[in-house]
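Please keep the sequence and model open while reading.

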Amino acid sequence: MTATSTDDTATGPALAALLRGRLREVSVLIERRGDAALAGTSLSLPLNHLLDAVVAEPGVTVTEIASRLGKSQQAISQAANRLEKLRYIERRVGSGRTVALHATPAGREASVEAVARELAAEDRLRELLGPQQFDTLMALLAATRDTLLDEA
């Protein structure tokens, strides 16, 4: 049976060959590399992505970040709590009753280091795949994302 079979009983290897299966497999492998790149720092990939968002957009709210990342507000709030305990961000009351997130100087410094580590890991992936294959992959992913966003 192939991944393109019309048989509704496809299981196991056939499902693993579906696009979502391949994307999940590759995503896990990429995330492992990212985690390894951040080893020895106080940041994990999710914490770094949140910190990067706060550095890029001072005053952003937990709700806004949760919506963008497709995560629950609770998950983002817990990550923000961790960053706050690390003294990388602080919460400030914004307009109305919103609570805005702002990076501290230590948070901005940690973000610069973490982003540099992630970029180095991505450079290594580019080396492994070769520049042409890497660029093709990035272009296909961007085009797929844009098409799916346009359809939504």
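## Basis of the model

This is a predicted model, in which local features need pLDDT of at least 70 and side-chain atom pairs count only at pLDDT 80 or more, while totals for chains, interfaces and linings use all residues. Residues are numbered from 1 along each chain as its sequence is written, and side-chain values use heavy atoms, with hydrogens and water left out.

## Overall fold

The chain has seven helices and two strands. Helices (H or I, at least four residues) and strands (E, at least two) are DSSP runs, numbered from the N terminus. Their order from the N terminus is α-α-α-α-α-β-β-α-α. The radius of gyration, taken over C-alpha atoms, is 19 Å, well over the 15 Å that the globule rule gives for 152 residues, so the chain is more spread out than a compact globule. That rule is 2.2 Å times the number of residues to the power 0.38.

Along the principal axes, the C-alpha atoms fill a box of roughly 55 × 35 × 25 Å. Of the 152 residues, 24% count as buried; buried means under 20% relative accessible area, exposed over 50%, and partly exposed in between (1.4 Å probe, protein chains only). Among contacts (heavy atoms within 4.5 Å) between residues at least 6 apart in sequence, 45% join residues at least 24 apart.

## Helices H3 and H6

In H3, the buried residues are Leu 45, Leu 47, Asn 48, Leu 50, Leu 51 and Val 54. They pack against H2, helix H4 (62-69), H5, S1, strand S2 (99-103) and H6.

H6 has 25 residues and reaches 36 Å from its first C-alpha to its last, close to the 36 Å expected. Gly 107, Ala 110, Ser 111, Ala 114, Ala 121 and Leu 125 are buried in H6, and what covers them includes H2, H3 and H7. Just after H6, Gly 130 takes a positive phi of about 90°.

## Arg 87

Arg 87 lies in the loop between H5 and strand S1 (89-93). Its phi is near 65°, a positive value in a residue other than glycine. Most residues other than glycine have a negative phi. Arg 87 is exposed, with a relative accessible area of 64%.

The largest pocket has a volume of about 1,000 Å³. Of the 28 residues that line this pocket, the closest to its centre are Ser 27, Ile 30, Glu 31, Leu 45 and His 49. Two or more lining residues come from each of helix H2 (19-37), helix H3 (45-56), helix H5 (73-85), helix H6 (105-129) and helix H7 (131-151). H2 gives the most, with nine residues. By class, the lining has 18 nonpolar, three polar and seven charged residues.

The second largest pocket has a volume of about 150 Å³. Leu 19, Leu 23, Leu 137, Leu 140, Leu 141, Thr 144 and Leu 148 line this pocket. H7 gives the most to that lining, with five residues. The lining residues divide into six nonpolar, one polar and no charged.

On a 1 Å grid over the protein atoms alone, a pocket is an open set of points where a 1.4 Å probe fits, with protein on both sides within 12 Å along at least five of seven lines; lining residues have an atom within 4 Å of a point. Grid points are joined across faces, edges and corners, and a volume is the space filled by probe spheres set on the points. Ala, Val, Leu, Ile, Met, Phe, Trp, Tyr, Cys and Pro count as nonpolar, Asp, Glu, Lys and Arg as charged, and the others, Gly among them, as polar.

Terms used: Expected span 1.5 Å × (residues − 1).
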